[in-house]
Amino acid sequence: MSDTTTGGTARTPEFRMASGVIETLRQDLVTDAFAYRPLPLLETPGRLVRRLPEAIRRYFPWTHYAAVSVLAFFVMLLTASSQSGYLGDAGGFLMGLVAAAPVLMTLVRPVGAWWAAVAMTVVLAAFGGDGEWPWGPGGFVAYIAVMVLVALRTGPRVAAWMWTLTLALGFVLSVVFGSRFGTNLPAMAVVSAFALVVTSSIQIRRNARAEVSAQQEVTAVERDKRTLLEERTTIARELHDVVAHHMSVVAIQAEAAPYRVENPPPELEAAFVTIRENAVAALTELRRVLGVVRSADYEAPDAPQPTLASLDGLLANVREAGLSVEKTVTGAVRELPQGVELSAYRIIQEALSNTLRHAPGAAAAVEVSYVLGGLGIRVVNGAGTGDARPSPGAGHGITGMRERVAMLEGEMTAGTTGTGGYEVAVFIPVPGRPEAGRVAQEGAA
C-alpha cells in the first residue's frame, strides 16, 4: 500500500511522526487551553481531621484552595521584595501580582495557567534587573509551582511538553536579550525535571490506584452477580425437583385414573380432565418462573399474557372445580393498559383460588366496574358449607394482591363480611388519555 499523499507528495514515516507529535502538542496545550476546570473539593477527610471541631471540619474540602492561595501569596512577597530594589515598591508589588496570578489560575484553568506562567516569565525577563535571570527568585518558585500543579491535574505527557517548551523558552530569551545577563536556565532545567519526575510518579501511582479500585469494584459486582445467579439456580433446581415433580405426578395420575375404573361416569372423567389441564397449566407457569430465576438475561416467551378478556375462561375453570361464581360487568368496557389488565386478572384469579381453598362449597360473585378514573374489582364469597375441609395455604395470596395494587398506585380492602364470607375490593386508577380529550373537545366545537 502506498503512503498517503498530499498535493502529489508522498508522506514519509518521518513526516507522519512529526505530524502526530504536533497534533499531540495541540491537543495537550492548545485545544481548550483556557477551559474552565475547577479543582475538585476534597471529599474524604482523614482520621485526624474527623477529630477536629465541626467549625474546622466544615472548611476541610477547601484545603487545596487554601494551600495554593498561601503559595501564591508567598510568591507575590518574594517577587515584590526582589524587584522593589530595581523597580521601586510599586513596581515590585506589580511584578509580585504578575508572578502570583498563574499560581492562582491553576485552581480553575490549569493548562491556561502554564501559558500565563510563560507570559509571566517574559514580563519579568523584560523588566528584571540585576541578579538571577530570566527567572528571579519569585518567578522561579512561581514557574516551578505552576508546572507541578498543572502536572498533577493533567499527566506525565503534559509535564514532558511543559519541560521541553521551558527549555525552548529559556533559549529564545537568551538569544533575544543577548549576553546582558547570566542565565539560570540550567538550574531551571534540572530543578523542573526533578520536580516533574516526582509529580508524574505521584500522578501515575494515583491513576494506577484508581484503576485498581475501579477494577475491584467491578470484580465485587461480578462476584455478587455470580453468587446471586448461583443461589437462584439452586432455588430453581429445588423448585423443579420438588414442585414440578409432584405436579407431573398429579397430571399423569389424573390422565390415567379414568382407565382404572370400569365404566366411569362422565362427571368423573370431566373432573380428571380438569385436574390434568390445571396441572399442565401450572407446570407451564412454573417453567416460566424457573427460567426467570435461572438467568438474569432470561427473555419471557412471546405467549400473550391473560387479560380481562380471558376472564370467562377463568370462571369456567373454577366452575368445573366446583365453585359457583357469577360475573357482573358495569360501565363501558374499554381496553386498559397491559399491566392493569394482567394485574386485574391475577387478583381475581387469586381471590377465587382463596375461595376454593378456604371456603369450599361457597358461592362467589365477581364484579368488574369500568369507571371514568380507573377500574374497580370486587370479589365476594359466602361462608363455606362445611361439606369439604378447607385447604390451608401459605398466606401469601392477600400479600401478593396488595403488592400488585400498590405497584399500580391503587387501593385495596380485604376482610370478612357480616355473613361469614370474605370480600376483596380493589380500585386501580387509569389516567385518561389527553389526546382523546382534545379530540372530543374539537368534535364538540
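Helices (H or I, at least four residues) and strands (E, at least two) are taken here as DSSP runs, numbered from the N terminus. Residues are numbered from 1 along each chain as its sequence is written. The model is predicted, so to speak of local features a pLDDT of at least 70 is needed, side-chain atom pairs count only at pLDDT 80 or more, and totals for chains, interfaces and linings use all residues, while side-chain values rest on heavy atoms, with hydrogens and water left out.

On confidence, pLDDT is the predictor's own score for each residue, from 0 to 100. The protein chain averages 81, and 82% of the residues score at least 70. Residues 1-8 fall below 50, and beyond near neighbours in sequence this stretch makes 7 contacts (heavy atoms within 4.5 Å) in the model.

Next come the cores. A nonpolar core is a set of buried Ala, Val, Leu, Ile, Met, Phe, Trp, Tyr and Cys residues joined through side-chain atoms within 4.5 Å; buried means under 20% relative accessible area, with a 1.4 Å probe and protein chains only. The largest one has 41 residues, and W114, W135, Y143, V146 and M162 touch the most other members. A second, separate core of 29 residues includes Y345, A364, V379 and I428.

Now for the strands, which pair if DSSP finds at least two bridges between them. Strands β3 (residues 324-330) and β4 (residues 363-371) are parallel partners over 7 bridges, and E326 sits opposite A365 in β4. Between β3 and β4 the chain passes through helix α11 (residues 338-358), giving a left-handed β-α-β crossover. Strand β7 (residues 422-429) pairs antiparallel with β5 (residues 374-381) over 8 bridges, and also runs antiparallel to β6 (residues 411-416), joined by 6 bridges. In the β6 and β7 hairpin, with 5 residues between the strands, G420 takes a positive phi near 95°.

Finally, there is helix α10 (residues 311-320), where L311, L314, L315 and V318 are buried. These residues lie on the same side of α10 because they cover an arc of only 95° around the axis, judged by the directions from the helix axis to the C-beta atoms. Their cover includes β3, α11 and β4. After α10 comes G322, with a positive phi near 105°.

Notes:
Right-handed = clockwise from strand over helix to strand, strands pointing away. Buried < 20%, exposed > 50% of the residue type's maximum accessible area, 1.4 Å probe, protein only.
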